[in-house]
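Trainee: Could you walk me through this protein while I look at it on my screen?
Mentor: Gladly, let us open it together.

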Amino acid sequence: MGGFASYCHQNQLSGYLLRKFKNSDGWQRLWVVFTNFCLFFYKTHQDDHPLASLPLLGYSVSVPTVTDGIHKDYVFKLQFKSHVYFFRAESKYTFERWMEVIQRASTSPGRPPRFLQDCPCPSPGLEGEVREEE
């Protein structure tokens, strides 16, 4: 994963998150790395190449509403226009850390430094990129 983790310590976070599948109750456990205003998704923490990535600029982070029908603890919702993703953290502490760094990234005042404007994302996002495995 070299190369991505060089920006600034307070703007980095990594750990396992569960991602909810769109049209089922299934959740997939992924190793997620946040850096350079992007989330990078790996099958395990030992993988070198991400399965997918998601630039966060423009996304809002919140907790699910009743109408989302998510009945789990420590879930946060990422939304940009019609793109909605749900992620579940493994503890209250990690949930709060993820919410904090994503909120900071998505509401960053002004634009990110020039070298960050084009997120070094190997894939266009999560739509269909991360295969459902139950």
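What follows is a conversation about the fold, the confidence, the sheet and the core.

Trainee: Before we start, what kind of model is this, and how are the residues numbered?
Mentor: This is a predicted model, in which local features need a pLDDT of at least 70 and side-chain atom pairs count only at pLDDT 80 or more, while totals for chains, interfaces and linings use all residues. Residues are numbered from 1 along each chain as its sequence is written, and side-chain values use heavy atoms, with hydrogens and water left out.

Trainee: OK, which elements does the protein have, and in what order do they run?
Mentor: The protein has seven strands and one helix, and from the N terminus the elements run β-β-β-β-β-β-β-α. Helices here are DSSP runs of H or I with at least four residues, strands are runs of E with at least two, and both are numbered from the N terminus.

Trainee: Where is confidence lowest and highest among those elements?
Mentor: pLDDT is the predictor's confidence in each residue, from 0 to 100, and its mean over the protein is 79, with 72% of the residues reaching 70 or more. Confidence is lowest in helix 1 (residues 92–106), at a mean of 91, and highest in strand 1 (residues 13–20), at 96. Over residues 1–9, however, the pLDDT is below 50, although this stretch has 19 contacts in the model beyond near neighbours in sequence, a contact being heavy atoms within 4.5 Å. Residues 113–118 also have a pLDDT below 50, with eight such contacts.

Trainee: Switching to the sheet, what is the strand order?
Mentor: The seven strands form an open sheet in the order 4-3-2-1-7-6-5, with antiparallel pairing, where two strands pair if DSSP finds at least two bridges between them. The edge strands, each pairing on one side only, are strand 4 (52–55) and strand 5 (60–62).

Trainee: And which residues in strand 7 are bridge partners of Val75 and Leu18?
Mentor: Arg88 is the partner of Val75, and Arg88 is also the partner of Leu18. Strand 6 (residues 75–80) is joined to strand 7 (residues 83–88) by six bridges, whereas strand 1 and strand 7 pair over two bridges. Strands 6 and 7 form a hairpin with two residues between them, and Lys81 in the turn has a positive phi of about 55°.

Trainee: Now the inside: how many residues are in the largest nonpolar core?
Mentor: That core has 24 residues, and those with the most contacts inside it are Leu39, Phe76, Leu78, Trp98 and Ile102. A nonpolar core is a set of buried Ala, Val, Leu, Ile, Met, Phe, Trp, Tyr and Cys residues joined through side-chain atoms within 4.5 Å, and buried means under 20% relative accessible area with a 1.4 Å probe, counting protein chains only. Helix 1 gives this core its largest share, six residues.

Trainee: What does Ile102 touch?
Mentor: Not counting residues up to four places away in sequence, Ile102 touches Leu39, Leu56, Val61, Phe76 and Leu78. There is also a second, separate core of six residues, which includes Trp31, Val33, Cys38 and Tyr42.

Conventions
Buried < 20%, exposed > 50% of the residue type's maximum accessible area, 1.4 Å probe, protein only.
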